[in-house]
Amino acid sequence: SCFLRYPNGVPKDKCESMNRYRVIGAVTDNIYLPSTFYEVEVNAWNEDHADDLARDKFHRQGAVRDVIINNIECIDEEVQS
């Protein structure tokens, strides 16, 4: 499991590696339609950073409204940025 190297979310320097996160989110279209699920993998400093990166990707994939993040999971530690 990943640990937070930088409690304030700021890396000490840009040479330090990131962790790989899988982020799963959903948009509920309305009460009659099922949710649309989105899943991406991102390289990020921490879970907050992964959340931000994933939301950007979800919007590029066509999410027109705010995506509710269901799960952020660290899947690989210290990947190359």
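A polar contact here is a pair of N or O atoms within 3.5 Å; within protein, one must be able to donate a hydrogen and the other to accept it, and residues adjacent in sequence count only if both atoms are side-chain atoms. This is a predicted model, where local features need pLDDT of at least 70 and side-chain atom pairs count only at pLDDT 80 or more, while totals for chains, interfaces and linings use all residues. Residues are numbered from 1 along each chain as its sequence is written, and side-chain values use heavy atoms, with hydrogens and water left out.

**Stop 1: the whole chain**

Show the cartoon. The chain has 1 helix and 3 strands, in the order β-β-α-β along the sequence. Helices (H or I, at least four residues) and strands (E, at least two) are DSSP runs, numbered from the N terminus.

Now colour by accessibility. Of the 81 residues, 31% are buried. Buried means under 20% relative accessible area, exposed over 50%, and partly exposed in between (1.4 Å probe, protein chains only).

Next, contacts, meaning heavy atoms within 4.5 Å. Take those between residues at least 6 apart in sequence: 59% of them join residues at least 24 apart.

**Stop 2**

Select N19. This residue is found in strand 1. At 1% relative accessibility, N19 is buried.

Move to E78, in strand 3. Its relative accessibility is 48%, so E78 counts as partly exposed. Check the backbone torsion too: phi of E78 is near 55°, a positive value in a residue other than glycine.

**Stop 3: N46, at the start of the helix**

Select N46, in the loop between strand 2 and helix 1. N46 is buried, with a relative accessible area of 10%. This residue caps the N-terminal end of helix 1: a side-chain oxygen of N46 lies 3.1 Å from the backbone nitrogen of D48. The N46 side chain also reaches the backbone nitrogen of H49, at 2.8 Å.

**Stop 4: helix 1**

Select residues 47-60. Helix 1 has 14 residues and spans 20 Å from first C-alpha to last, close to the 20 Å expected at 1.5 Å a residue. The expected span is 1.5 Å times one less than the number of residues.

Which residues of helix 1 are buried? They are A50, D51, A54 and F58. Turn to the face away from the buried side, and you find the exposed residues D48 and R60.

Bring back the strands. The cover over the buried residues of helix 1 includes strand 1 (18-28), strand 2 (35-44) and strand 3 (68-79). After the helix, stop at G62, whose phi is positive, near 115°.

**Stop 5: D51**

Select D51, in helix 1. With a relative accessible area of 17%, D51 is buried. Leaving out residues up to four places away in sequence, D51 touches I69 and I72. D51 and I72 are 21 residues apart along the chain, and their C-alpha atoms are separated by 7.6 Å.

**Stop 6: the core and V67**

Finish in the largest nonpolar core, which has 14 residues. A nonpolar core is a set of buried Ala, Val, Leu, Ile, Met, Phe, Trp, Tyr and Cys residues joined through side-chain atoms within 4.5 Å. Pick Y21, V23, A50, F58 and V67, which touch the most other members. Strand 1, strand 2, helix 1 and strand 3 each supply at least two residues of this core. Strand 2 gives the most, with 4 residues.

Now zoom to V67, in the loop between helix 1 and strand 3. V67 is buried at 2% relative accessibility. Beyond residues up to four places away in sequence, V67 touches G25, A26, V27, Y38, R55 and F58. Last, pair V67 with F37: they are 30 residues apart in sequence and 8.9 Å apart in space, C-alpha to C-alpha.
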